[in-house]
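This report looks at selected local features of one protein chain. The sequence and model come next.

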Amino acid sequence: MEGRMPETPALGLDGLVGGLREVYRSGRTRELAWRRSQLNGLISLLTEKEEDIFDALRDDLGKHRTEAFRDEVGVLVKSVKNTLQNLEKWAAPEKASTPLVSFPATALVVPEPLGLVLIFSCWNLPLGLALEPLSGALAAGNAMVLKPSELAPSTAAFLAANIPRYLDSDAVKVVLGGPEVGEKLMEHRWDKVLFTGGARVGRIIMTKAAKHFTPVALELGSKCPCIVDWLDSKRDSQIAVNRIIGAKWSTCAGQACIAIDYILVEEQFAPILIELLKSTIKRFFTKREDMTRILNEKHFNRLSGLLKDHNVSCSVVHGGGMDPKTLSIEPTILLNPPLDSDIMTEEIFGPFLPIITVKKIEDSIEFLNSKPKPLAIYAFTRNEALKQRIIKETSSGSVTFNDAIVQYGLESIPFGGIGQSGFGQYHGKYSFEMFSHKKAVLKRSLLIEFMFRYPPWDDRKLGLLRHVFRYDYVSLFLALLGLRR
């Protein structure tokens, strides 16, 4: 079934893109009433078709309906409602200050839609990573094309069938197909492209976007580390372990760009942490459907290949069981696999959790700074000095203390990477801003004119300009009157 879905005919893309541009130029997507209607339509889609969404996510990834609601449906409805509540405020012009010398004058920053937007979504959160940015593009007043991942065909087909029923089908299009369709889409001129996926395809997107100077936002993967400092009480330690497991194995079986990739912990505490992880995994995952399966055979083989290195496989201290028939892999813990092995140099994107020990927890900062900047850094600690060092001395898309992954669900903070983990930020107001242009508007009067801004030049005009740029209006006034201060 992988990639087996109807495709938009290549010859039809010219007409599709041209039609979208005409719709945008008509001005209807700019109206706040249109934007509200589309956001309300999105909420209706998510609530009325909830069971169909659950079925699609189960078909594509084996997601339990509770996980699907937590990570995709529920968080999306919450986000879109927040956008609706704040839309008028976000879309309003912002007043900016003007210097006294320009009086009378008014300065504004006016958000305006970019125009035509292209969104490529990923397969691991195939609904959320499609509709979260799409909601921001709608709120900003754009026309758009959504290209869902062909690797989640049931969800892609659901989006293609239902988006035209709930949203403006002239202004919002869903294009199905594989990589070749994505490449054909990138031959056209867009006003913004958002791509969520891997670095290899991200490079292709950027290369093709350069032809038209198209601005691009990339949401890529990375190896997100988790620092585990020793917590004083058993209760704190157990809560930390609960949240680590939730951020590793209960979110698409670790197939998530913000999932914990590996843990850093002091040598003396590693055995205690491992035993806590083992016992909690046993309680959390009592049946196979409690954890998402691996996407497909190709990804299953990639993951199983990570353990073929003897030096890696002998570091397994828990799990390691695999079933190619059901594409399932047990939660697997490794202790100190070689740092130059594939499992420690590539993003894992699966249910393997390496634990790397350090002499002192502060050594973890140096370890992180020797690696590419990740999408997220997680740290479980009560040590305020350590928290401040992590914030000040490391660089990442986000830092979360004493929890993990939950930052994705907050509309009040931006989500996005830095460096090799991507660039561009969205969620909440940041989604609106990603798909908007902040246009500077200055209104001046013809009432007052200062001739010292024009040639012919002389030292007096130079002196007057110095007063202006120093905001020294008293000296300016005296000089204009022919008096010296």
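A polar contact is a pair of N or O atoms within 3.5 Å; within protein, one must be able to donate a hydrogen and the other to accept it, and residues adjacent in sequence count only if both atoms are side-chain atoms. The model is predicted, so local features need pLDDT of at least 70 and side-chain atom pairs pLDDT 80 or more, while totals for chains, interfaces and linings use all residues. Residues are numbered from 1 along each chain as its sequence is written, and side-chain values use heavy atoms, with hydrogens and water left out.

**Glu-150 and Lys-147**

The side chains of Glu-150 and Lys-147 make a polar contact of 3.3 Å. Glu-150 sits in the loop between strand 4 (143–147) and helix 6 (153–166). Helices (H or I, at least four residues) and strands (E, at least two) are DSSP runs, numbered from the N terminus. Is Glu-150 buried or exposed? Glu-150 counts as buried because its relative accessibility is 15%. Buried means under 20% relative accessible area, exposed over 50%, and partly exposed in between (1.4 Å probe, protein chains only).

**Gly-182**

Lys-147 also touches Gly-182, as does Phe-120; residues up to four places away in sequence are not counted here. Contact means heavy atoms within 4.5 Å. Gly-182 lies in helix 7 (residues 179–185). Its relative accessible area is 9%, so Gly-182 is buried. Asn-311 is 129 residues from Gly-182 along the chain, and their C-alpha atoms are 39 Å apart.

**Helix 2 against helix 6**

How do helix 2 and helix 6 cross, and which residues meet? The axes of helix 2 (residues 32–48) and helix 6 come within 9 Å and cross at roughly 130 degrees. Axes are lines fitted to C-alpha atoms, for helices over the stretch in contact, and angles run from 0 to 180 degrees between N-to-C directions. Helix 2 and helix 6 are therefore oblique to each other. Angles under 35 degrees count as roughly parallel, over 145 as roughly antiparallel, 65 to 115 as roughly perpendicular, and the rest as oblique. From helix 2, Gly-41, Ser-44, Leu-45 and Glu-48 make the contact; from helix 6, Phe-158, Asn-162, Ile-163 and Tyr-166 do. By class, this contact has four nonpolar, three polar and one charged residues. Ala, Val, Leu, Ile, Met, Phe, Trp, Tyr, Cys and Pro count as nonpolar, Asp, Glu, Lys and Arg as charged, and the others, Gly among them, as polar.

**Ser-237**

Ser-237 belongs to helix 9 (residues 234–248). Ser-237 is buried, with a relative accessible area of 9%. Leaving aside neighbours within four places in sequence, Ser-237 contacts Trp-230, Leu-231 and Leu-276.

**Backbone features**

| Peptide bond | Omega |
|---|---|
| Phe-103 to Pro-104, cis | near -10 degrees |
| Pro-455 to Pro-456, cis | about 0 degrees |

Pro-104 is in the loop between strand 1 (94–96) and strand 2 (105–113). Pro-456 is in the loop between strand 18 (436–444) and helix 17 (459–469).

Positive phi comes next. Leu-327 is not a glycine, yet its phi is positive, about 55 degrees. Leu-327 lies in the loop between strand 11 (322–323) and strand 12 (328–329). With a relative accessible area of 15%, Leu-327 is buried. Ile-405, also a residue other than glycine, has a positive phi near 75 degrees. The loop between strand 16 (399–401) and strand 17 (422–423) holds Ile-405. Ile-405 is buried, with a relative accessible area of 13%.
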